[in-house]
Amino acid sequence: LTDPGSTAQTLTAHYAEVVVKLGPGGAVWCAADAGPVFGAAEPVTGPLDTTGAGDALAAGFLRACLDGADPAAALHAGAKLAARAVAGAGARPFDH
């Protein structure tokens with residue numbers, strides 16, 4: 001994406017809130033009534049397997065939102081969980 005913030009803003013014409021995943025570039029959240037909020041990816045040394053990273057980001061983000069976090073904090077929580085997910089092989093429960 002050349003401009004992920006604009007892409008996220010465009011999607012709010014169809015959805016109340018959106019998160020666009022940017023891989024190692026983090027993610028961006030946007031709502032119809034709020035401008036884009038960018039969240040950085042967590043540093044990962046030699047990711048083993050990126051399977052499930054996006055799902056982990058979504059899970060961490062949603063959990064934080066349900067706990068009352070603002071979008072920036074929720075993106076951070078999602079990034080932390082995604083970083084943990086890529087440290088192991090395959091999409092499986094954490095045992096590492």
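Student: Which residues of helix α1 (residues 4–11) are buried in this predicted model?
Tutor: In this predicted model, a residue counts as buried when its relative accessible area is under 20%. Within helix α1, which spans residues 4–11, the residues that are buried are Pro 4, Gly 5 and Ala 8.

Student: What covers the buried residues of α1?
Tutor: The buried residues in question are Pro 4, Gly 5 and Ala 8. Their cover includes the strands β1, β2 and β3.

Student: What is the order of the strands in the open sheet?
Tutor: The open sheet has 3 strands, and their pairing is antiparallel. β1 (17–21) and β3 (34–39) each have a single partner strand, so they stand at the edges, and one side of each is left without a neighbour in the sheet. On average, neighbouring strands are turned by 15° against each other, direction ignored. The order is β1-β2-β3.

Student: Which residue of β3 is the bridge partner of Ala 31?
Tutor: Strand β2 covers residues 27–31 and is joined to β3 by 4 bridges, the two strands running antiparallel. In β3, the bridge partner of Ala 31 is Ala 34.

Student: What angle does the direction of helix α3 make with that of β3?
Tutor: Helix α3, residues 71–85, packs on the sheet and touches β1, β2 and β3. The angle between its direction and that of β3 is about 30°.

Student: Is Thr 12 buried or exposed?
Tutor: Thr 12 is found in the loop between α1 and β1. Leaving aside residues up to four places away in sequence, Thr 12 touches Val 18, Cys 30, Ala 31 and Ala 32. The cut-off for a buried residue is under 20% relative accessible area. Because its relative accessibility is 11%, Thr 12 counts as buried.

Student: Which element supplies the largest share of the lining of the largest pocket?
Tutor: The largest pocket has a volume of about 330 Å³. It is lined by 21 residues, and the closest to its centre are Gly 23, Pro 24, Ala 41, Ala 53 and Ala 82. Both α2 (53–66) and α3 supply at least two residues of the lining. The largest share, 4 residues, comes from α3.

Key: Residues are numbered from 1 along each chain as its sequence is written. This is a predicted model: local features need pLDDT of at least 70, side-chain atom pairs count only at pLDDT 80 or more; totals for chains, interfaces and linings use all residues. Side-chain values use heavy atoms; hydrogens and water are left out. Two strands pair if DSSP finds at least two bridges between them. Axes are lines fitted to C-alpha atoms, for helices over the stretch in contact, and angles run from 0 to 180 degrees between N-to-C directions. Contact means heavy atoms within 4.5 Å. Buried means under 20% relative accessible area, exposed over 50%, partly exposed in between (1.4 Å probe, protein chains only). On a 1 Å grid over the protein atoms alone, a cavity is a set of points where a 1.4 Å probe fits but cannot get out, and a pocket is an open set with protein on both sides within 12 Å along at least five of seven lines; lining residues have an atom within 4 Å of a point. Grid points are joined across faces, edges and corners, and a volume is the space filled by probe spheres set on the points.
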